[in-house]
Amino acid sequence: MVSIDTLPHGKVGTICEFKDKVVGSRLIELGLYPGKKLQILRKAPFGGALYIKSEQQSFALGLKEAKTVFATID
């Protein structure tokens, strides 16, 4: 299990848990909940946002928030 900011570019992972309840509840509202698959599309340089894709939706997630989301690599 790794935080999604460390997922390799292009790899698919499955969300396992959220370490921050506030971030977790916000992501659940967006449809990103434990058990959902996601893929890292792009990482902005210098600690910028991560662009992720889950099913047919794409999201931008700040690095600080991404460090609180843990996933397994598929």
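# Salt bridges, sheet and core

Visitor: Which residue forms a salt bridge with Glu 17?

Guide: Glu 17 forms a salt bridge with Lys 19, and their closest N and O atoms are 3.4 Å apart. The term requires a side-chain nitrogen of Lys or Arg within 4 Å of a carboxyl oxygen of Asp or Glu. This is a predicted model, in which local features need pLDDT of at least 70 and side-chain atom pairs count only at pLDDT 80 or more, while totals for chains, interfaces and linings use all residues. Residues are numbered from 1 along each chain as its sequence is written, and side-chain values use heavy atoms, leaving out hydrogens and water.

Visitor: Is Lys 19 buried or exposed?

Guide: Lys 19 is exposed, with a relative accessible area of 53%, whereas Glu 17 is partly exposed at 28%. Buried means under 20% relative accessible area, exposed means over 50%, and partly exposed lies in between (1.4 Å probe, protein chains only).

Visitor: And what ring does Lys 19 lie over?

Guide: Lys 19 lies over the face of Phe 70, at 5.4 Å from the ring centre. For such a placement, NZ of Lys or CZ of Arg must be within 6 Å of the ring centre and within 35 degrees of the ring normal. The charged end of Arg 42 is likewise placed over the ring of Tyr 51, 4.4 Å from its centre.

Visitor: How many salt bridges does a search of the whole structure find?

Guide: The search finds three. In one of them, the side chains of Glu 55 and Lys 36 meet, with 3.4 Å from N to O. This pair links distant parts of the chain, 19 residues apart: Glu 55 is in the loop between β4 and β5, and Lys 36 is in the loop between α1 and β3. Helices (H or I, at least four residues) and strands (E, at least two) are DSSP runs, numbered from the N terminus.

Visitor: What about Asp 74, which residue is its salt bridge partner?

Guide: Asp 74 forms a salt bridge with Lys 37, the closest N and O atoms being 2.7 Å apart. Asp 74 is in the segment after β6 and Lys 37 is in strand β3, 37 residues apart.

Visitor: Changing topic: what order do the strands have in the sheet?

Guide: The open sheet of six strands has the order β1-β6-β2-β3-β4-β5, with antiparallel pairing. β1 (2-3) and β5 stand at the edges with a single partner strand each, so one side of each has no neighbour in the sheet. Two strands pair if DSSP finds at least two bridges between them.

Visitor: How many bridges join β3 to β4?

Guide: Four bridges join these antiparallel strands, and Lys 43 has Leu 50 in β4 as its bridge partner. β3 and β4 form a hairpin with six residues between them, where Phe 46 in the turn has a positive phi of about 60°. β4 and β5 pair over five bridges. Their hairpin has two residues between the strands, and Glu 55 there takes a positive phi near 55°.

Visitor: Which residues are on the covered face of β4?

Guide: Leu 50, Ile 52 and Ser 54 form the covered face, while Tyr 51 and Lys 53 form the uncovered one. In a regular strand the side chains alternate between the two faces of the sheet.

Visitor: Which residues have the most contacts inside the largest nonpolar core?

Guide: They are Ile 4, Leu 27 and Ile 52, in a core of 16 residues. Among the elements supplying at least two residues each are α1 (21-29) and β4 (50-54). A nonpolar core is a set of buried Ala, Val, Leu, Ile, Met, Phe, Trp, Tyr and Cys residues joined through side-chain atoms within 4.5 Å. Residues that Ile 4 touches (heavy atoms within 4.5 Å) include Leu 38, Leu 61 and Val 69.

Conventions: Lists of a residue's contacts leave out its neighbours within four places in sequence.
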